[in-house]
Amino acid sequence: MAEPTPTRTPKTLTDLNRDWFDTAVAAGAFEIPWIKDLTKLISSSLRNNFDWLGVPQHDGGIKLLDYACGNGVVSMAVSPSVTEAIGIDLSPNMVKAYNMLSQSQQLSSKLSAIQGDLLSPSSTLQDPNFFNFDIIVMSMALHHVFDTQLMINKLHERLRDGGVLVIIDWLTMGLGRSGHGYKHRNDDSEGRKGEGENVMTAGHTVAHWGFCEEEMKSLFENVGMVDVGFMEGIEKSKVPAEMNYEQQMFIAKARKVKSH
């Protein structure tokens, strides 16, 4: 009698994102032209608007949490303005890319990343060093999270009183159901190595097709945050250029209330 086929546990959205972004690094995603352009836009927008973010100043310097850090675009952009940056990402390959970039720029003494998930934190993430951040930035990642309110709550917990939470993501307008993607070099339509170029999409990892200002305001205010700000007049991005549509990025911010 044949043994029964083992039941395969369905992958969670977290698993899908971890797997996909590990593959993205291996496939050279950061060399794709539209992704390079997007990272430049994120970097310049953060640097040019850092004062607008309103990060609290104190004698201890500025401590940044770069959550869903990828290869460190946010950390690198604001490194001249912060004393310490800690990156956390689901993907081991993203963490490796972050730390390699930090080392190559001789910034490893103040910029470092580890693998982790604040929605299911390991004992390591309970260490006091992973709390009391002056600023937390989550860039181009909230749309990959199913329970956005829980995510905002978890990030809020990691801020010091008066600290600022910053979300960078897409406005709801314009992003179609096909999902964002990139050219997967020398892969065929089945994902095998070949001679052609075909689009490898991340649609299966996306939980939300962008956010509007009112949604972000509600997410912040539901956890008691104040001084909400929203900036959307940013240059449009092609996502990707080969698919001929554009998308608008926004920066949203809010402050954790100081306890009395």
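The following legends describe close-up views of a predicted model. Residues are numbered from 1 along each chain as its sequence is written, and side-chain values use heavy atoms, without hydrogens and water. Because the model is predicted, local features need pLDDT of at least 70 and side-chain atom pairs count only at pLDDT 80 or more, whereas totals for chains, interfaces and linings use all residues.

**View 1. The buried face of helix H6 (148-157)**. Helices (H or I, at least four residues) and strands (E, at least two) are DSSP runs, numbered from the N terminus. Thr148, Gln149, Met151, Ile152, Leu155 and His156 of H6 are buried, that is, under 20% relative accessible area with a 1.4 Å probe and protein chains only. Seen down the axis of H6, these buried residues fall within an arc of 160 degrees, so they line one face of the helix; the arc is that of the directions from the helix axis to the C-beta atoms. Strand E1 (63-67), E4, E5 and H7 are among the elements that cover them.

**View 2. The buried face of helix H7 (residues 213-221)**. Met216, Leu219 and Phe220 are buried in this helix. Down the axis of H7, its buried residues fall within an arc of 95 degrees, so they line one face of the helix. An α-helix has 3.6 residues a turn, so residues three or four places apart point the same way. The cover over the buried residues of H7 includes helix H6, strand E5 (159-170), strand E8 (226-231) and strand E11 (249-255).

**View 3. The crossing of H6 and H7**. The two axes, lines fitted to C-alpha atoms over the stretch in contact, come within 9 Å and cross at roughly 50 degrees. That makes H6 oblique to H7, oblique being what remains once angles under 35 degrees (roughly parallel), over 145 (roughly antiparallel) and 65 to 115 (roughly perpendicular) are set aside. Thr148, Gln149 and Ile152 of H6 and Ser218, Leu219 and Phe220 of H7 make the contact, defined as heavy atoms within 4.5 Å.

**View 4. Asn132 in the loop between strand E3 (111-115) and strand E4 (133-139)**. Phi of Asn132 is near 60 degrees, a positive value in a residue other than glycine. Asn132 is partly exposed, with a relative accessible area of 47%; partly exposed lies between buried, under 20%, and exposed, over 50%.

**View 5. Met140 in the loop between E4 and H6**. Although Met140 is not a glycine, its phi is positive, at about 55 degrees. Met140 counts as buried, at 14% relative accessibility.

Notes: Axes fitted to C-alpha atoms, helices over the stretch in contact; angles between N-to-C directions.
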